[in-house]
Amino acid sequence: KMNLKINFLKFIYLIFILNIPSSSQSQNSKNEINNKRNLQNSGFEPIRILIDISLIELYSGVISLNELYYATRNCSRILSKLISVKSITKDNPIKYDFSNKNLNISKDVLGGTLINGTYNYDLIIIARLKAGKTYMETLTRDDSTKRTTLGYISINFDEIYEIKHLKIINLEYLFIHHVIHFLGFSYENFKYFNKNGNKIKVYETALDQRLNLSTNYIVTPKVLEIAKKYYNCQSLTRFPLENQEGNTHAHWDARLLLGDIMNSYNNDSRSDQVISEFTLALLEDSGWYQVNYYTGGLMRFGKNKGCNFIYNNCTTEFKNEFCEYYTIPDYIDYRNGSCSSGRQSRTYCLPNS
């Protein structure tokens, strides 16, 4: 009888423990539930993305078909958890007729699997992997919203070489980065951002006094709201994009958002590669999406550091973000590095810049 009583108490205790979620798990669950509730009757549904890899040549020893499938499937799955869109294909699937396209990539497209078909996706990306500069092109936009529905990308083969020594998850991040460009994070897409059908101002150009460089600054409302709260800097009226690449490609300034997947060092091992609240806010400001800020709290780089962190040069005042010297050896073994500022990966110290 005593053993039965003890076992019964153990059973009750086990049930009690298993039904106590951690605070973070509880909050994440609430966020997902609330997001689903908000989407009900709104016309928004989780975005459906197809990445066609039939044009990608497989290079022995560098990338395998299984790795490609894993990365592209996870890319689509992750973004569907974070981004919802008013579907334009649910009742009226999009029909693509590639034979009528007069584009310099038409031969590549016609060699793939997507030929003159009807597809139930909100975004289709035709991917190619070959030597040369990474090239992206929007092929089709939705007539009413002007959101990209079909895109082509030729990924520089060197990008795969650069991430080979890392985990397969970085290949996944590579696809996520480029897909987000198609979703809205590009100067080409900025031209079509709208609110209630009216075009909005996405950025303004001004001189960065710190570096004496012409810089484009995001001025959309949700991004500014997020930035003020994140840095604890209420005087912010605009937020910079990367300016050291001639303002030709839209990326976050890595000095401020090194942890975000959309900074210009997105495949660098020193970056934590988080889909932060900044990137999600910019997509929401497009007028095309509702977003779930489920991954936003993962980034820590520069958080709560105040206005000085934004306006001043890199200094060792911010010891978690900047340092005074190189610690990178001739041969990089990231297993021996220190913890990154985002506490999510190992890294090495970069010089001031």
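This briefing walks through a predicted model of one protein chain, from the overall picture down to single residues. The chain has 353 residues, and 48% of them are buried (buried means under 20% relative accessible area, exposed means over 50%, and partly exposed is in between, using a 1.4 Å probe and protein chains only). Its secondary structure comes to 10 helices and 16 strands (these are DSSP runs, with helices being H or I of at least four residues and strands E of at least two, numbered from the N terminus).

A quick word on the ground rules. Residues are numbered from 1 along each chain as its sequence is written, and side-chain values use heavy atoms, with hydrogens and water left out. Because the model is predicted, local features need pLDDT of at least 70 and side-chain atom pairs count only at pLDDT 80 or more, while totals for chains, interfaces and linings use all residues.

**The chain as a whole**

- Take the contacts between residues at least 6 apart in sequence: 64% of them join residues at least 24 apart (contact means heavy atoms within 4.5 Å).
- The chain exposes about 18,900 Å², and carbon and sulfur atoms supply 51% of that area (accessible areas come from the Shrake-Rupley method with a 1.4 Å probe, and for residues only the protein chains shown count as cover).

**The disulfide**

- There is one disulfide in the structure (a pair of cysteine sulfur atoms within 2.5 Å).
- Cys-233 and Cys-307 are the two partners, with 2.0 Å from S to S.
- Cys-233 sits in the loop between α8 (221-231) and β13 (239-240), and Cys-307 sits in helix α10 (residues 307-311), so the bond ties together parts that are 74 residues apart in sequence.
- The link of Cys-233 and Cys-307 is right-handed, with 105 degrees about the S-S bond.
- Cys-233 is buried at 1% relative accessibility, whereas Cys-307 is partly exposed at 23%.

**A mixed sheet and its helix**

- Four strands make an open sheet with mixed pairing, in the order β2-β6-β8-β7 (two strands pair if DSSP finds at least two bridges between them).
- At the edges you'll find β2 (49-52) and β7 (135-141), each pairing on one side only.
- Neighbouring strands in this sheet are turned by 15 degrees against each other on average, direction ignored (axes are lines fitted to C-alpha atoms, for helices over the stretch in contact, and angles run from 0 to 180 degrees between N-to-C directions).
- Strands β6 (residues 123-130) and β8 (residues 148-156) run in the parallel sense and share seven bridges; Lys-130 has Asn-156 in β8 as its bridge partner.
- Helix α6 (residues 169-183) packs on this sheet and touches β2, β6, β7 and β8, with its direction at about 140 degrees to that of β8.
- Most of α6 is covered, with 14 of its 15 residues buried.
- The end C-alpha atoms of α6 are 21 Å apart, which agrees with the 21 Å its 15 residues should span at 1.5 Å a residue (the expected span is 1.5 Å times one less than the number of residues).

**An antiparallel sheet**

- Three strands form another open sheet, in the order β11-β12-β13, with antiparallel pairing.
- β11 (203-208) and β13 are the edge strands with a single partner each, so one side of each has no neighbour in the sheet.
- Six bridges link β11 with strand β12 (residues 213-218), and Ala-206 stands opposite Thr-215 in β12.

**Helix α3**

- Helix α3 has 18 residues and reaches 26 Å from its first C-alpha to its last, close to the 26 Å expected.
- Leu-65 belongs to α3 (residues 65-82) and is partly exposed at 39% relative accessibility.
- Among the buried residues of α3 are Leu-68, Ala-71, Thr-72 and Cys-75; Cys-75 has a relative accessible area of 0%.
- An α-helix has 3.6 residues a turn, so residues three or four places apart point the same way.
- The buried residues of α3 pack against β2, β3 (83-86), α6, α9 (277-285) and β14 (289-291).

**Two loop residues with positive phi**

- Lys-146 has phi near 70 degrees, a positive value in a residue other than glycine. Lys-146 lies in the loop between β7 and β8 and is partly exposed at 35%.
- Asn-196 also isn't glycine, and its phi is near 55 degrees. Asn-196 lies in the loop between β9 (194-195) and β10 (198-199) and is exposed at 73%.
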